[in-house]
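Welcome! Take a moment to turn the model around on your screen before reading on. Then we can walk through it together, one part at a time.

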Amino acid sequence: MGTKWRGGSGAIREDQAKLEDFESRIDPNDKEQMSLLEEMRQHTKKLEDMRKHEDPRLSFSTPEFRESQRIFTENFKKNFGKPVEWGLVKKYPWSTPVLQKLEVPVDVDGNPWPLDENGKPVERE
């Protein structure tokens, strides 16, 4: 499986505890330490605001996402069940491919797509 999700309220509490730990250890008379602490406060606040609306279901490592990505990729390779009507066509083997509308719609393997009586491609489901 993937790594454990580390966002949300648990991560916010960890960050706040770490900030409080640093606050207790610094010298209030040292300007450099105070500026670093202020920078850390701003960064922690920014992370807290970002994590407030996080949703672990949006992770890209979940099995659900991977399955949906696999299905999308398979359908993409099959042009989502629709005919290919435009293609990069070379007029001669040495010429540069040019995007043009094909005379006859084809499937992803290059076979002619079935047409209805009006000459329009038949939609497959």
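Let us begin with one side chain, Arg70: this residue is partly exposed, with a relative accessible area of 38%. Please keep in mind that you are looking at a predicted model.

Arg70 has a partner, Glu74, and the two side chains meet in a salt bridge, with N and O 2.6 Å apart. Why can these two reach each other along the helix? Glu74 and Arg70 are four residues apart in helix α3, so about one helical turn separates them. In general, an α-helix has 3.6 residues a turn, so residues three or four places apart point the same way. Glu74 is partly exposed, at 37% relative accessible area.

**The chain as a whole**

Starting at the N terminus, the order of the elements is α-α-α-β-β.

Of the 125 residues in the chain, 14% count as buried. The accessible surface of the chain comes to about 10900 Å², and carbon and sulfur atoms account for 54% of that surface. Among the contacts in the chain with a separation of 6 or more, 29% are between residues 24 or more positions apart.

How confident is the predictor? The average pLDDT of the chain is 82, and 86% of the residues score at least 70. Which of the elements has the lowest mean pLDDT, and which the highest? The lowest belongs to α1, with a mean of 81, and the highest to β2, with a mean of 90.

**Salt bridges**

Side chains of opposite charge can pair when their charged atoms come close. In this model, the count comes to seven salt bridges.

| Salt bridge | N to O distance |
|---|---|
| Glu23 and Arg41 | 3.0 Å |
| Lys45 and Asp49 | 3.4 Å |
| Glu74 and Arg70 | 2.6 Å |

Glu23 forms a salt bridge with Arg41, and their closest N and O atoms are 3.0 Å apart. This pair links distant parts of the chain, since Glu23 sits in helix α1 (residues 8-25) and Arg41 in helix α2 (residues 31-51), 18 residues apart. Are these two residues buried, exposed or something in between? Glu23 is partly exposed, with a relative accessible area of 32%. Arg41 also counts as partly exposed, at 31% relative accessibility. A further residue joins in here: Glu23, Glu38 and Arg41 are linked in a network of salt bridges.

Next comes the pair Lys45 and Asp49, whose side chains meet in a salt bridge at 3.4 Å, N to O. These residues are four apart in helix α2, so about one helical turn lies between Lys45 and Asp49. Lys45 is partly exposed, with a relative accessible area of 47%, and Asp49 is partly exposed as well, at 33%.

Now return to the helix where we started. Helix α3 covers residues 63-77, which makes 15 residues. From its first C-alpha to its last, α3 reaches 21 Å, close to the 21 Å expected at 1.5 Å a residue.

You can find Asn79 in the loop between α3 and β1 (84-89). Asn79 is partly exposed, with a relative accessible area of 27%.

Phe80 also lies in the loop between α3 and β1. Although Phe80 is not a glycine, its phi is positive, at about 55°. Phe80 is partly exposed, with a relative accessible area of 43%.

For a last stop, look at Asp109, in the segment after β2 (98-106). Is Asp109 buried or exposed? Asp109 is exposed, with a relative accessible area of 63%.

Technical notes. Residues are numbered from 1 along each chain as its sequence is written. This is a predicted model: local features need pLDDT of at least 70, side-chain atom pairs count only at pLDDT 80 or more; totals for chains, interfaces and linings use all residues. Side-chain values use heavy atoms; hydrogens and water are left out. The expected span of a helix is 1.5 Å times one less than its number of residues. Buried means under 20% relative accessible area, exposed over 50%, partly exposed in between (1.4 Å probe, protein chains only). Contact means heavy atoms within 4.5 Å. Accessible areas come from the Shrake-Rupley method with a 1.4 Å probe; for residues, only the protein chains shown count as cover. A salt bridge is a side-chain nitrogen of Lys or Arg within 4 Å of a carboxyl oxygen of Asp or Glu. pLDDT is the predictor's confidence in each residue, from 0 to 100.
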